[in-house]
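Work through the exercises below with the model open. Each task is followed by a stepwise solution.

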Amino acid sequence: MRGLEHRGLSRAEGPIVIARRVETAGYGEMAAVYGRDGARRVGRVVDSSLESIAIQLFASNAGLSIDDTRVELLGRPLELRVGPDLLGRVFDGLGEPADGYPRILSSERREVNGDPINPAARVYPRDFIQTGVSAIDGMNTLIRGQKLPIFSGNGLPHNRLAAQIVRQARILSGDEPFAIVFAGMGIKYDVARFFIDAFERSGVLSRVVMFLSLADSPSIERLVTPKCALTAAEYLAYGMGMHVLVVLTDMTNYCEALREVSASRGEVPSRKGYPGYLYSDLASVYERAGKIEGSAGSITQIPILSMPNDDISNPIPDLTGYITEGQIVLDRELFQRGAYPSISVLPSLSRLMKDGIGEGMTRDDHKELSSQLFAAYARTKSVRNLASIIGEEELSPLDKRFLRFGERFEAEFVSQAEDEDRSIGQTLDIGWKLLSGLPRDELGRISRAMIDKYLPKEGDGADEKRSPDQV
Amino acid sequence: MMPSGPRGGGAPKAVQGRITRISGPVVVAEGLGSAGLYDVVEVGEARLAGEIIRMDGRGATIQVYEDDTGMKPGEKVVSLGRPLSVSLGPGLIGTIYDGIQRPLERLKESSGSFIKSGLRGESLSTRRKWPFAPAIKPGDSIGPGTLLGTVRETELVEHRVFAPPRSPPCKASHVAPAGEYTVDDEIVETDSGLRLRLAQEWPVRQARPARRRLAPSEPLITGLRVIDVLFPLSKGGCAAVPGGFGTGKTMTQHAIAKFCDADIIVYVGCGERGNEMTDVLTEFPKLVDPRTGRSIMERTILIANTSNMPVAAREVSIYTGITLAEYYRDMGYDVAVMADSTSRWAEALRELSGRLEEMPAEEGFPAYLPTRLAEFYERGGRVETLAGEPGSISIIGAVSPPGGDFSEPVTQHTKRFIRCFWALDRDLANARHYPAISWIDSYSEYAEELREWWDRKDPGWKELRARTLELMKREQKLEQIVRLIGADALPDEQRLILVTAEMIKNGFLQQSSFDEVDKYCVPEKQLLILQTILEFHDLGEKALKQGVPLSDIIGLPSRERITRLKGEVPNDRIDEIRAAGRELGAAFGELGLKYEREDG
């Protein structure tokens, strides 16, 4: 019952406090906990029995005493006030205004955990989003309604890439209302500032909703931040019919907060100390993307996560990859060579690409061309390994051509300037130009009709003759 | 699954208790002492569906299949005195259910795009009428396996209604005449007082009985070359598809579900992506079964418990799926169950076990994980049904090992209970070589048992298969050398092996599910392509001995033609493959002559 207060705790440990049984404490409901200083800390009931309740705080527990703490049950789950006024606002990690303006004017509150979308009510995403980045558009296409994370590492240009995608993303079919929801979890103020500047420069700041739980906020607050952001996104997408792009960064900080809480509750850990339900918990975030019947809007998610120690088999990227519809992987080696956006094409993947490209959507040659580029570039990688052992000079003429293809692929196709916005046609044409450096009968993944239609015959020949390894 | 009152038989006693503790999907209640283990309960004022999973002095521990946010200690719990069951009857085919058999389409119509707690819907429509044709008359004796009548469920599926597996011997006293009936209508009444409806119920955690087990001696033809020829699965066999994320587990399962020659497909999306189920829902109705010419949705049942739906229902979804499969098996059909993914199911077990504070075994999984896996896979198999006909369930379980590491518990334990292992390979997937089934790490123990069937079809199968596997093994060894010293350092005979292996990879093993011609390959075409490639190898070896340089052999235009056969020759024009083979022979003949002349 709202306003009902109870004095005293029986235990306070980490983010969990135990209070004696309070009538009507519903599982999952919100509670406010006041210490002797009178400061209000918000928490959630995570265990409720006839004898006691456990409250998980979203704030620091410093200063809580056993005797003088008051617990107030709020009688409702954690909710976010939603309305059209969300646009252009900045909130803290718990969904309270953080930009100095009052709460938004709306009587509509939504539970932040949301309900799962009925799989029968989903609309399969197929609308191609042109990001202007060749390594994405050509090889790992982003589709409207997709969840496509960026797997990165510390110091890699994931923020620049995300900002470029936000700036350049557009649908070939025309103008539709859009919004951007940004959730920052445990990031530094500088990173938040970088995104704000980027939004401002491209003139979209008035269409952005930000939820910021910066590095100096209590880590536990991050557990709520993406849920608030997605609740806002769901309102804008399914309530207002907008196409919403959600950027979540950095999911690694979110997972670490989850581990912290799990450890303090004494749960049985699975890999690397993360709780056994990390998969289900991440799914409750990532699955809130997509399109549903009866609504014009959509939610496209670009979560960013930094792989601890660049290790893709770490539970965070691993479980994420099992839930999301692909991943964009950044590569440190490419980055150190000065290449931007340093996307590692082979381990990257877009699962929804198959149905969003081809004739009528991008271009008829897209599927076969990208498949061939993958095959040829994979070959390049094995030739490189060989060359590092026997030396480049000893390679067969054919292998040398693959080596050269790979170099040009990285330099001309994958690399581009931060403000370079390539159309899908330009991207595919670069691909064909590079393939023309390989013998025709090595292009087994492309049908002859496509080769005849698109493979440059004369134009690039000069370039080929210049290469010394030409046989 | 109906939490409402029981139908037919004596009404079990409802017991009421009270919640004492709530911790996520696990609820403890007191006062349920006379309820049974694994009984269905209605939890709280919202009457959420749950199941009793443990009883002790403190009370009953219940897993709740729906989100219980807002529930309070002290609310009531009602046990319905019967185990968790599914409704079985006409109307299952073409439907999409969640893990506890709630019909998702009907929920969408009644409550919108999001699934809220406490929603209910009839598993089988009680309004729809089905044309029933009785197969017995009053006075006929009835026992387990007696065919009561048939219903045309879809163009592809004749639904056979049998007396329940445990009905005691009796005689029919009344039989409904041919006509239109709903699933709730009684169709047969017996002298022992039994009233049989068109639909029945069966507890999901219990295997449906059959007369005896039969040997799985017939292949499940999938149309995927790497499976049918190299690592075949039999009807009634069990296979595992393990692979890290992005290696194509789901794509492989989809491809098999679309084109395999089973009569019924049960696709269980267990803890996976919502969009994947939507993909199935939008794509399957448009796809036509190559054998029957009808939409493949007319033979498919979908069970979707996606990763963000409640975890306890995910645990049950696998059993729901296999029970539906057994029901159709008992009609004499060959059923294929796709379980995607069994790892998510195992994780649900782990999560619930953790909430119960059980002692964990490996990596936090409960010690009974292998037992549960064994129970599940043993429900597959080929049997003689109670009616005396053969029927089968093939199980294809996807496994999602963390980090793609096959040494983890779920993969390892699964390997003990399956006989066909399709290991997905990260490097192949990165090069977009799909299906990324590794020809080195995969195996099928069914190959020996299927030999007889293939011998009748094409006696060459066994030898082709053995030669191909051997050649690919040799190629793997040679590749290790090549990685150190380069291909040029090898003698021509060995380089020819690399060339042939490359042709097998590109022209045979790799298969595009999106290519109209390539996506489904009939067994005859599969064998012909492989034969032609190996013939190239034989001719190449001979030519090398005659002194023909390898570069000339590689440069043959008919060689490139062979690797394109898979996509250029449709299933009904496989004579063109034979023609390509003859062309190849002629080309080699010319090469031989040319060098003979030069030598002479």
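**Exercise 1.** At what angle do helix α11 (residues 461-485) of chain B and helix α13 (residues 523-546) of chain B pack, and how far apart are their axes?

Solution. The model is predicted, so treat every value as computed from predicted coordinates.

Step 1. Take the geometry. The angle between the two helices is about 55°, and their axes are 11 Å apart.

Step 2. Classify the angle. Roughly parallel needs an angle under 35 degrees, and roughly perpendicular needs 65 to 115. Therefore α11(B) and α13(B) are oblique to each other.

Step 3. Assign the hand. α11(B) and α13(B) make a left-handed crossing.

Step 4. List the contact. α11(B) contributes W461(B), L464(B), R467(B), T468(B) and L471(B). From α13(B) come L527(B), L530(B), Q531(B), L534(B), H537(B) and D538(B). The residues of this contact comprise six nonpolar, three polar and two charged.

**Exercise 2.** Describe how helix α11 (residues 397-414) of chain A packs on helix α12 (residues 424-435) of chain A.

Solution. 

Step 1. The axes come within 10 Å and cross at roughly 160°.

Step 2. An angle over 145 degrees counts as roughly antiparallel. α11(A) and α12(A) are therefore roughly antiparallel to each other.

Step 3. The crossing of α11(A) past α12(A) is right-handed.

Step 4. On the α11(A) side, the contact residues are F405(A), R408(A), F409(A), E412(A) and F413(A). They meet T427(A), I430(A), G431(A), K433(A), L434(A) and L435(A) in α12(A). By class, the residues of the contact split into six nonpolar, two polar and three charged.

**Exercise 3.** Are helix α3 (residues 249-259) of chain B and helix α4 (residues 274-283) of chain B roughly parallel or roughly antiparallel?

Solution. 

Step 1. Find the angle. The two axes cross at roughly 25° and come within 12 Å.

Step 2. Apply the cut-off of 35 degrees, under which angles count as roughly parallel. α3(B) and α4(B) are therefore roughly parallel to each other.

Step 3. Check the residues. T250(B), H254(B) and K258(B) in α3(B) face E276(B), D279(B), V280(B) and E283(B) in α4(B) across the contact. The tally for the contact is one nonpolar, two polar and four charged.

**Exercise 4.** Which domains does the assignment give for each chain, and how far apart are the centres of the pairs below?

Solution. 

Step 1. Start with chain A. Its assignment gives domain 1 (4-76), domain 2 (80-355) and domain 3 (366-470). The C-alpha centres of domain 1 of chain A and domain 3 of chain A are separated by 63 Å.

Step 2. Turn to chain B. Here the assignment gives domain 1 (15-111), domain 2 (130-198), domain 3 (212-447) and domain 4 (461-599).

Step 3. Domain 2 of chain B and domain 3 of chain B have C-alpha centres 32 Å apart. Their contact involves twelve residues from domain 2 of chain B and 15 residues from domain 3 of chain B.

Step 4. Between them, these two domains bury about 1,200 Å². Carbon and sulfur atoms account for 60% of that area.

**Exercise 5.** How many residues of chain A are in contact with chain B, and what area is buried?

Solution. 

Step 1. Count residues. On chain A there are 79, in contact with 76 residues of chain B.

Step 2. Give the area. About 6,200 Å² is buried between chain A and chain B, 53% of it from carbon and sulfur atoms.

Step 3. Y27(A), P119(A) and Y322(A) supply 13% of the area that chain A buries against chain B, more than any other three residues.

**Exercise 6.** Locate two cis peptide bonds and one positive phi in chain B.

Solution. 

Step 1. D340(B) and S341(B) are joined by a cis peptide bond, with omega about 10°. S341(B) sits in the loop between β22 (334-340) and α6 (342-355) of chain B.

Step 2. Another cis peptide bond links Y434(B) and P435(B), with omega about -10°. P435(B) is in the loop between α9 (426-430) and β26 (443-444) of chain B.

Step 3. Q101(B) is not a glycine, yet has a positive phi of about 60°. Q101(B) lies in the loop between β8 (96-97) and α1 (104-111) of chain B.

Note on methods. Residues numbered from 1 in each chain as written. Chains lettered and ligands numbered in written order. Predicted model: local features only at pLDDT ≥ 70, side-chain atom pairs only at ≥ 80, totals over all residues. Heavy atoms only, no water. Axes fitted to C-alpha atoms, helices over the stretch in contact; angles between N-to-C directions. Helix = DSSP H or I, 4+ residues; strand = E, 2+ residues; numbered from the N terminus. Left-handed = near helix turned anticlockwise from the far one by under 90°. Contact = heavy atoms within 4.5 Å. Nonpolar A, V, L, I, M, F, W, Y, C, P; charged D, E, K, R; others polar. Domains from an automatic or database assignment. Buried area = accessible area lost by both parts, 1.4 Å probe.
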